[in-house]
Amino acid sequence: MKTIPTTEAVGKIIAHDITEIVPGKFKGVAFKKGHVIGEEDIDHLLRIGKENIYILDIKENQLHEDDASIFLGEMMAGEGIYFTEPREGKINIKAKYQGLLKIDRNLLEEVNDLGDISIATIQGDRVVNKDELIGGCRVIPLIIDKEKLHSAKEILEKRPPLISVKTFTRLKTAVIVTGGEVYKGLIEDKFGPVVEKKLKTFNSDIIIKKIVPDDLDTIKTTILKAKEAGAQLIIVTGGMSVDPDDKTPGAIKATAAEVISYGSPVLPGSMLMVAYLDEIPIFGLPGCVMFSHTTAFDILLPKIFAGERIVRRDISRLGYGGLCLKCDDCTYPNCHFGKY
Ligand SMILES: Nc1nc2c(c(=O)[nH]1)N[C@H]1C(S)=C(S)[C@@H](COP(=O)(O)OP(=O)(O)OC[C@H]3O[C@@H](n4cnc5c(N)ncnc54)[C@H](O)[C@@H]3O)O[C@H]1N2
Ligand code: MOO
């Protein structure tokens, strides 16, 4: 610490909290430790009797914690990310718009491994909303060596951004509900409305909605017609498990679609199918999607609207964190389900 006259302190950093007392009115911190003294602060400091002041002596090769967190914020923020002004040395990292959050977990670990740098985030590959808090970042010392930040910069600038949010695009969607009992009117369709509600989150345009019996050829033909009609996403409900009337997986295969996976290591959602007919994604949804609050479908659907192509490993890795505990008050996506 160094003592200097207050009148010469513009741009310098206060070394400790400075208290002001106005009898009967106020007693508290007028200037916080770490505050960078501005022109407008000088009179105020003199009024509370500070003609001289302890300041932090920041060397050429050092940076104050506020500047360091801004530096790191700029280095790590990709598309769809902004960060707040530092408070007590910390910036908050937030989403500019609704979308699919992407975080490079390995990169995050590498930067945190440098020491003296703390970047904490929520888990990626989930939906975040506009202005949602995604992470926080600060450095540990009040004054940090620039060398440390340059090490972080070297790691961060060679790779795609550490944190970004992918926008969702509207997709023309076909919903094909299977089940003889629904087709014949023995029971009311309860599956279609559940799927439609989930699709609405992404402003999807449902261009086709059909109820068909458990007949492989009919399901197959309906899928192919949906594609011809311009569907960019095709969802087939029911008939996904082991009964003789469960024709949906066979029908999806019969369209010549490439099956990425029949079955997923997610409960609920283990009987789900993901396939691609040319580049059109097809989901085969098991009955659990109709009655469970959250399933494998909720984990994978945002990827489709964010323009990602689902590969086998996207599904296999869901096993870790893939068991829904069916909490009374569901807080998904703020829970372990679907995170890895
Ligand atoms: N022995 C086994 N049984 C089950 C397995 C298994 O592997 N072995 N898997 C279970 C899993 S996991 C699921 S999920 C369910 C459901 O699978 P399905 O997709 O085949 O469902 P469905 O048989 O078509 O229907 C089940 C149930 O839901 C009613 N349903 C279906 N669609 C509608 C609709 N649109 N509206 C209203 N109700 C609908 C249907 O009438 C049945 O009652 O299988 C487990 N069993
Ligand atoms: O596809 Mo089922 O969840 O495991 O009910």
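Select Thr222, which sits in helix H7 (residues 216-228); helices here are DSSP runs of H or I with at least four residues, strands are E runs of at least two, and both are numbered from the N terminus. The model is predicted, so local features need pLDDT of at least 70 and side-chain atom pairs count only at pLDDT 80 or more, while totals for chains, interfaces and linings use all residues. Residues are numbered from 1 along each chain as its sequence is written, and chains are lettered from A and ligands numbered from 1 in the order in which they are written.

Is Thr222 buried or exposed? Thr222 counts as buried because it has 21 C-beta neighbours inside 10 Å. The cut-offs are 20 or more other C-beta atoms within 10 Å for buried, 12 or fewer for exposed, and partly exposed in between, with C-beta atoms placed from the backbone.

Next, show the contacts of Thr222. Leaving out residues up to four places away in sequence, Thr222 touches Ile176, Lys210 and Val212; a contact means C-beta atoms, placed from the backbone, within 7 Å.

Now select ligand 2. Which residues surround ligand 2? They are Leu267, Pro268, Gly269, Ser270, Met271, Leu272, Pro286 and Cys288, where near means a C-beta atom, placed from the backbone, within 6 Å. This shell has six nonpolar residues, two polar and no charged.

Zoom out to the whole protein chain. It has eleven helices and 20 strands. Its radius of gyration, taken over C-alpha atoms, is 28 Å, well over the 20 Å that the globule rule (2.2 Å times the number of residues to the power 0.38) gives for 340 residues, so the chain is more spread out than a compact globule.

Finally, colour domain 1 (2-56), domain 2 (62-166) and domain 3 (172-319); these bounds come from an automatic or database domain assignment. The C-alpha centres of domain 1 and domain 2 are 31 Å apart.

Note on methods. Nonpolar A, V, L, I, M, F, W, Y, C, P; charged D, E, K, R; others polar. Contact = placed C-beta atoms within 7 Å.
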